[in-house]
Structure formats: C-alpha cells, structure tokens
Amino acid sequence: MKLHDLQPASGSHKPSRRVGRGHGSGRGKTAGRGTKGQKSRAGSGIPAWFEGGQTPLHVRTPKLHGFKNRFRVEYAGVNLARLTDVADGTLITPDVLRHDGLLRTSKTKQLPLKILGAGDAPKGVTIHAHAFTRSALDKLKAAGSTALRISWPDGLPIDEAAEAAETAAAEAENQAKADARAAGKAKAKRARAGGGAPAAAGKAAAPADDEAAPAAEAEAEEADAVAEVEAPAEEAEAPGAANGADAPDEGSETTDSESES
C-alpha cells in the first residue's frame with residue numbers, strides 16, 4: 001500500500017449534478033426547476049414557516065399571557081357532601097378516600113387533599129387532610145367532628161400551637177428588623193440635619209481666624225526686632241564693666257608714684 005494507491009471508499013464521494021448543460025444532458029434548459037414561477041428564479045427561496053399567505057402557525061397559536069405563581073400548591077378537593085353518609089366514629093384519611101374512589105387522582109403525580117365546605121358535614125368523624133377551608137372547619141366543628149391537618153407528603157400530624165408560635169416569632173423578627181431599619185434611617189436623617197449648622201459655623205469662623213493670623217505674625221516679628229536691638233546694647237555694656245573691674249584706676253597709680261618719691 002502506497003500513498004498513490006489510497007482512494008475513498010466506493011460511493012462516499014458522489015459527483016455534483018451538472019445542470020443547464022444542454023438538452024442531451026437530461027437537465028438542460030430549466031435545469032430541473034420546472035417552468036417559471038418563484039422557485040425557478042436564482043437566489044429565491046421560501047421560508048420553512050411560510051404557509052402560502054395564510055396566518056402562519058406561530059401567529060395563530062395562543063400565547064401564554066399573564067402571571068403564573070411558581071409556588072402555588074395544587075390540591076385535590078373533596079366536598080363535605082360526599083362524606084355525609086359516613087358512619088359515626090370513622091377515621092377518614094387520604095388513603096381511604098383514594099381507595100374508595102372519592103379522591104381525584106392525577107396521571108402524573110398525587111395531589112394533597114383539601115376538604116371543601118360544600119354540603120353538610122358528617123357527624124362524629126375524624127378527618128385527616130392536608131388543608132381545610134374555613135367553611136369546612138366551621139361545619140365540622142358544629143357537627144362534632146374532628147379536623148386534623150397533616151403534612152405533605154409525609155402525612156404526619158401538624159402541631160397547630162407550634163406552627164402558630166413559629167409564625168408569630170417570624171413576624172416579630174421581621175417587625176424588629178423593620179423597626180431597626182426605620183431607627184437607622186431616622187438617626188442618619190438627624191445626623192445630616194444637625195451636621196449642617198456646625199459646618200456653617202466653622203465656615204463663618206474661618207475668615208476671622210484668617211484675618212487674625214497676619215496681625216499675630218506682625219506682632220511676633222516686631223517683638224523679635226526689639227529683642228535684636230536691645231541685645232547688642234547689653235553686650236556693649238558688659239565688656240566695659242569687666243575692664244573696669246580688672247584694670248587699675250589712674251588715681252591709684254598716681255598715689256603709688258607719689259608715695260615712692
């Protein structure tokens with residue numbers, strides 16, 4: 001095997017179609033584009049979404065307008081009217097309702113149970129559900145039945161007192177934070193309002209200090225000049241006093257000469 005022996009696999013390279021090369025080529029004249037029309041022109045083309053002028057699919061499709069709550073909880077609702085014939089002392093749970101075919105099921109997922117208030121409430125029963133409407137709770141209480149909320153998806157009983165205390169603590173914490181923010185803003189506002197007066201007073205006092213500075217400098221220079229003038233006079237007096245103390249008096253010399261004679 002040598003380099004000049006290498007060649008592509010059979011059928012991997014297909015020669016390009018030669019169009020418009022005369023009648024004998026089989027694709028002469030119109031070059032396989034048919035007779036006239038938009039598609040036979042060079043450089044023309046129809047978009048894939050073009051539908052001949054009718055309203056295209058992307059225009060006639062309804063748009064998803066509005067707001068969709070991402071945190072919305074979807075419930076499977078059951079009205080009290082469907083539980084009216086339940087015997088006294090029965091325990092009603094989501095599993096029981098699902099087994100009896102009273103709970104709507106979803107093809108993709110199970111939904112939490114919510115008891116709705118339409119109809120008469122059963123008497124003397126205990127209902128475990130993930131949520132209750134206010135009217136359902138009132139009717140169950142009036143009928144002597146018990147309503148117990150359970151968690152989703154665990155199905156564990158929910159302590160109403162602990163939940164209320166936790167909610168109150170969270171609200172108190174949020175209120176404390178809001179009060180602290182309000183106090184901080186008020187303090188900053190007072191600081192900005194009170195900082196203007198001292199600044200203005202300082203600006204007013206500055207010119208007076210600037211005016212007093214040259215006068216003080218002039219007085220200091222004058223005092224230095226007076227000190228320089230007085231200092232040489234004192235120095236001149238000092239040598240005379242020293243000489244007078246050390247040198248003998250003329251009168252004393254005369255007296256000594258006279259005494260010798």
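In this predicted model, K177 is partly exposed, with a relative accessible area of 45%. Its salt-bridge partner is E173, with the closest N and O atoms 3.7 Å apart. E173 is partly exposed as well, at a relative accessible area of 46%. Because E173 and K177 are 4 residues apart in helix 4, about one helical turn separates them.

The structure holds 5 salt bridges. Another of these joins the side chains of D95 and R98, at 3.2 Å from N to O. These two residues lie 3 residues apart in helix 2 (residues 94-99), and therefore about one helical turn separates them. D95 is exposed, with 57% relative accessibility, whereas R98 is partly exposed at 24%.

A salt bridge also connects the side chains of R149 and E160 (3.6 Å, N to O). R149 belongs to strand 6 (residues 146-149) and E160 to helix 4 (residues 160-246), so the pair ties together parts that are 11 residues apart in sequence. A network of salt bridges links R149, E160 and E163.

The largest nonpolar core contains 17 residues, of which L97, L113, I115 and I127 touch the most other members. Two or more residues of this core come from each of strand 1 (76-79), strand 3 (113-116), strand 4 (126-129) and helix 3 (134-142). Beyond four places in sequence, the residues that I115 touches include V78, L80, I127 and F132.

On the surface, M1, L3 and L6 form a nonpolar patch with about 450 Å² of accessible area together.

The average pLDDT of the chain is 81. Over residues 238-261 pLDDT stays under 50, and the model has 1 contact beyond four places in sequence for them. Where pLDDT is low, predicted coordinates should not be read in detail.

Terms used: Residues are numbered from 1 along each chain as its sequence is written. This is a predicted model: local features need pLDDT of at least 70, side-chain atom pairs count only at pLDDT 80 or more; totals for chains, interfaces and linings use all residues. Side-chain values use heavy atoms; hydrogens and water are left out. Patches are made of residues with over 30% relative accessible area and no salt bridge: like charges are joined within 9 Å, nonpolar side chains (Val, Leu, Ile, Met, Phe, Trp, Tyr) within 5 Å. Accessible areas come from the Shrake-Rupley method with a 1.4 Å probe; for residues, only the protein chains shown count as cover. A salt bridge is a side-chain nitrogen of Lys or Arg within 4 Å of a carboxyl oxygen of Asp or Glu. pLDDT is the predictor's confidence in each residue, from 0 to 100. Contact means heavy atoms within 4.5 Å. A nonpolar core is a set of buried Ala, Val, Leu, Ile, Met, Phe, Trp, Tyr and Cys residues joined through side-chain atoms within 4.5 Å. Buried means under 20% relative accessible area, exposed over 50%, partly exposed in between (1.4 Å probe, protein chains only).
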